[in-house]
Amino acid sequence: MKTTLEIPDTIFRRAKSKAAEQGIPLRQFVTEAVEDKLKTAPAAGQKPWIKHIGKLKDLHQETVRISKVIEQAFEEVDPEMWVPDFFVNETAATEKND
């Protein structure tokens, strides 16, 4: 089948040069390149990102560990944060008068 393609000049020149290096016509080079791309392309309906699921499974344990550390830190009470304002002001006034 004949068709017209718009290919950027730089890619066209590289493809034409590679085809010449291999001693084949540009038409054959482009046909082989498209065939190679189709072999590696995901089948219709497949999600290409799905092949990466599970590659970060080792991070799950680290995430759980970090979450526990954060939870423990938030369970600790910082007494300075829970002192009522009137007590802080009264204490400061008393210290000032001493």
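**Figure 1. A nonpolar patch on the surface of the predicted model, formed by Leu5, Ile7, Ile11 and Phe12.** In this predicted model, the four residues Leu5, Ile7, Ile11 and Phe12 together present about 350 Å² of accessible area. Leu5 belongs to the segment that comes before helix α1, which spans residues 9-22. With a relative accessible area of 56%, Leu5 counts as exposed, because the cut-off for that class is a value over 50%.

**Figure 2. The largest pocket and the residues that line it.** The volume of this largest pocket is about 600 Å³, and the elements that contribute two or more residues to its lining are α1 and α2, the latter covering residues 26-40. Of these elements, which gives the most to the lining of the largest pocket? The answer is α2, with eight residues. In total 18 residues line the pocket, and those that lie nearest its centre are Leu5, Ile7, Arg27, Val30 and Thr31.

**Figure 3. The salt bridge between Lys18 and Glu21 in helix α1.** A search of the whole structure finds two salt bridges, and in the one shown here the closest N and O atoms of Lys18 and Glu21 are 3.9 Å apart. This distance qualifies because the cut-off for a salt bridge is within 4 Å. The two residues, Lys18 and Glu21, are three residues apart in helix α1, so that about one helical turn separates them. Lys18 is partly exposed, its relative accessible area being 42%, whereas Glu21 is exposed, with a value of 59%.

**Figure 4. The salt bridge between Glu62 and Arg65 in helix α3.** Here the closest N and O atoms of Glu62 and Arg65 are 2.7 Å apart. Helix α3 comprises residues 58-75, and because Glu62 and Arg65 are three residues apart within this helix, they are separated by about one helical turn. Glu62 is partly exposed at a relative accessible area of 33%, and Arg65 likewise counts as partly exposed, at 44% relative accessibility.

**Figure 5. The setting of these views in the chain, which has five helices and zero strands.** Read from the N terminus on, the elements of the chain follow one another as α-α-α-α-α. How much of the chain is made up of buried residues? Among the 98 residues of the chain, buried residues make up 4%. The accessible surface of the chain amounts to about 9,900 Å², and carbon and sulfur atoms account for 58% of this surface.

Notes:
Residues numbered from 1 in each chain as written. Predicted model: local features only at pLDDT ≥ 70, side-chain atom pairs only at ≥ 80, totals over all residues. Heavy atoms only, no water. Patch = residues over 30% accessible without salt bridge, like charges linked within 9 Å, V, L, I, M, F, W, Y side chains within 5 Å. Areas by Shrake-Rupley, 256 points an atom, 1.4 Å probe, with all protein chains shown as cover. Salt bridge = Lys/Arg side-chain N within 4 Å of Asp/Glu carboxyl O. Helix = DSSP H or I, 4+ residues; strand = E, 2+ residues; numbered from the N terminus. Buried < 20%, exposed > 50% of the residue type's maximum accessible area, 1.4 Å probe, protein only. 1 Å grid on protein atoms, 1.4 Å probe; cavity = no way out; pocket = protein on both sides within 12 Å on 5 of 7 lines; lining within 4 Å. Points joined across faces, edges and corners; volume = space filled by probe spheres on them.
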